[in-house]
Amino acid sequence: MSPQIELNDATPASSSPHRPGTIAVFGATGRQGGAVVDALLDHKARVRALVRDPHSDRARALAARGVELAAVRTDDPATLVAALTAVEAFSFMTPEANSLEEVETEIRIGTALVDAAVEAGVPHVLFNSVLGADRERGVPHHDSKHTIEEYLGKSGLRAEVVRPAPFMEEMAPKLEHGEIVVRLPMPEDAPLKMISVRDLGRVAAALLLGLAEAPGGAVELVGDELTGPRIAAAFGARAGLPARYEALPLSVLPTELDRVMFREFAEAGEHPSDLGAVRAIEPDTLDLAEWIRVTGWTAPTHVAGS
Ligand SMILES: NC(=O)c1ccc[n+]([C@@H]2O[C@H](COP(=O)([O-])OP(=O)(O)OC[C@H]3O[C@@H](n4cnc5c(N)ncnc54)[C@H](OP(=O)(O)O)[C@@H]3O)[C@@H](O)[C@H]2O)c1
């Protein structure tokens with residue numbers, strides 16, 4: 001397959017005041033990459049999205065917002081190098097892995113993207129890793145990100161890493177018998193660290209545009225850390241309803257990967273995060289109560305069990 005760069009015919013974004021060049025984003029049709037694009041466009045940056053299908057609805061929606069599309073295949077280095085040529089900075093994440101085989105694929109994609117960035121001479125690379133990936137912790141789909149971080153570190157590229165906590169967007173409170181119920185496979189007294197996807201995008205954009213720097217090259221993205229009962233209380237307060245938390249056993253999780261991940265989340269909760277670190281880059285980083293408010297969250301209308 002030959003490298004393909006598609007320029008859309010929408011009005012091009014005007015240049016960022018800080019970095020006038022193009023910022024490339026991998027995963028732009030997904031949650032993280034999408035948030036990075038949103039924040040870059042808010043800064044009026046010029047964005048090129050590396051997509052596997054430029055004709056997908058999500059890719060077309062990006063093009064309609066002024067984003068340049070570059071068709072890539074992660075197993076075809078020439079497409080990646082072509083897509084990263086002459087960009088000012090490059091943001092990438094790696095896709096979700098739900099099995100050990102997918103973990104291998106994740107590492108393959110991450111290292112292929114780093115190799116392509118080296119080949120294309122990208123001046124600045126940002127990897128969306130995961131909280132805790134500063135070292136191996138026995139969580140396969142987090143250790144994969146540690147491997148990619150190390151690979152990136154040795155690449156010679158000017159690189160930064162953001163390490164996001166679990167996303168606030170993953171919370172799924174239920175309404176049962178007039179009560180908000182939050183269930184997680186976490187002990188009642190273990191704080192869960194969290195960040196909104198919006199803020200991940202905002203921090204990434206600030207780093208990519210040179211508006212901020214990650215101290216020491218890496219920043220942990222934790223906007224809030226709350227125990228289950230406090231998470232439930234935050235949703236209950238918004239809904240004006242009583243709320244309760246139910247700690248589930250790890251055995252409810254479908255994969256061993258998820259079980260070791262939640263065990264690690266509980267352990268990580270024992271070590272408070274510096275909630276100021278992310279706010280030093282994005283002062284408006286949301287805590288959970290603010291996220292609930294700004295997203296307009298309302299209690300689910302489906303009333304389970306009543
Ligand atoms: N969930 C959490 O709370 C959380 C917290 C921290 C970190 N993470 C990490 O976040 C990552 C997932 O991020 P996300 O939620 O943004 O994912 P997502 O919404 O599922 O998006 C995945 C993106 O990757 C692209 N993609 C997947 N495979 C590709 C391939 N082979 N070639 C080209 N593009 C490919 C997809 O493109 P298409 O449109 O073509 O599918 C899409 O743009 C995982 O690594 C996870 O461990 C998750």
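This report looks at the ligand shell, an annotated domain and the aromatic pairs of the structure above.

The model is predicted, so local features need pLDDT of at least 70 and side-chain atom pairs count only at pLDDT 80 or more, while totals for chains, interfaces and linings use all residues. Residues are numbered from 1 along each chain as its sequence is written, and side-chain values use heavy atoms, without hydrogens and water.

**Around the ligand**

Let's begin with the ligand. It is surrounded by 21 residues, and the closest are Thr29, Gln32, Arg52, Thr94 and Phe167 (a residue is near if one of its heavy atoms lies within 4 Å). By type, this shell holds nine nonpolar, six polar and six charged residues; here Ala, Val, Leu, Ile, Met, Phe, Trp, Tyr, Cys and Pro count as nonpolar, Asp, Glu, Lys and Arg as charged, and the others, Gly among them, as polar.

Polar contacts here are pairs of N or O atoms within 3.5 Å. These involve the following side chains:

| Side chain | Ligand atom | Distance |
|---|---|---|
| Gln32 | oxygen | 2.6 Å |
| Arg52 | oxygen | 2.8 Å |
| Glu170 | nitrogen | 3.3 Å |

Taken alone, the ligand exposes 940 Å², and the protein buries 80% of that (areas by the Shrake-Rupley method with a 1.4 Å probe). Helices α1 (31-42) and α4 (100-120) are the elements that give two or more residues to the shell; helices are DSSP runs of H or I with at least four residues, and strands are runs of E with at least two.

**The annotated domain**

An unreviewed UniProt entry carries the annotation "domain: NmrA-like" for residues 22-271; such annotations may be inferred rather than shown by experiment. Over residues 22-271, the chain is 40% helix and 21% strand, with the end C-alpha atoms 39 Å apart.

**Aromatic pairs**

Rings of Phe, Tyr and Trp (its six-membered ring) pair if their centres lie within 6.5 Å; planes under 30 degrees apart are stacked, over 60 edge-to-face and the rest tilted. The count comes to four aromatic pairs. Phe92 and Phe127 are stacked, because their ring centres are 4.7 Å apart and their planes stand at 20°. Phe92 lies in strand β5 (residues 89-92) and Phe127 in strand β6 (residues 125-128), so this pair ties together parts that are 35 residues apart in sequence. Phe92 is buried at 0% relative accessibility (buried means under 20%), and Phe127 is buried at 0%. Ring pairs link Phe90, Phe92 and Phe127 into a cluster.

Phe262 and Phe265 form an edge-to-face pair, 5.0 Å centre to centre with 75° between the planes. They are three residues apart in helix α8 (residues 256-268), so about one helical turn separates them.

Methods: Polar contact = N/O pair within 3.5 Å; in protein donor to acceptor, adjacent residues only side chain to side chain. Buried < 20%, exposed > 50% of the residue type's maximum accessible area, 1.4 Å probe, protein only.
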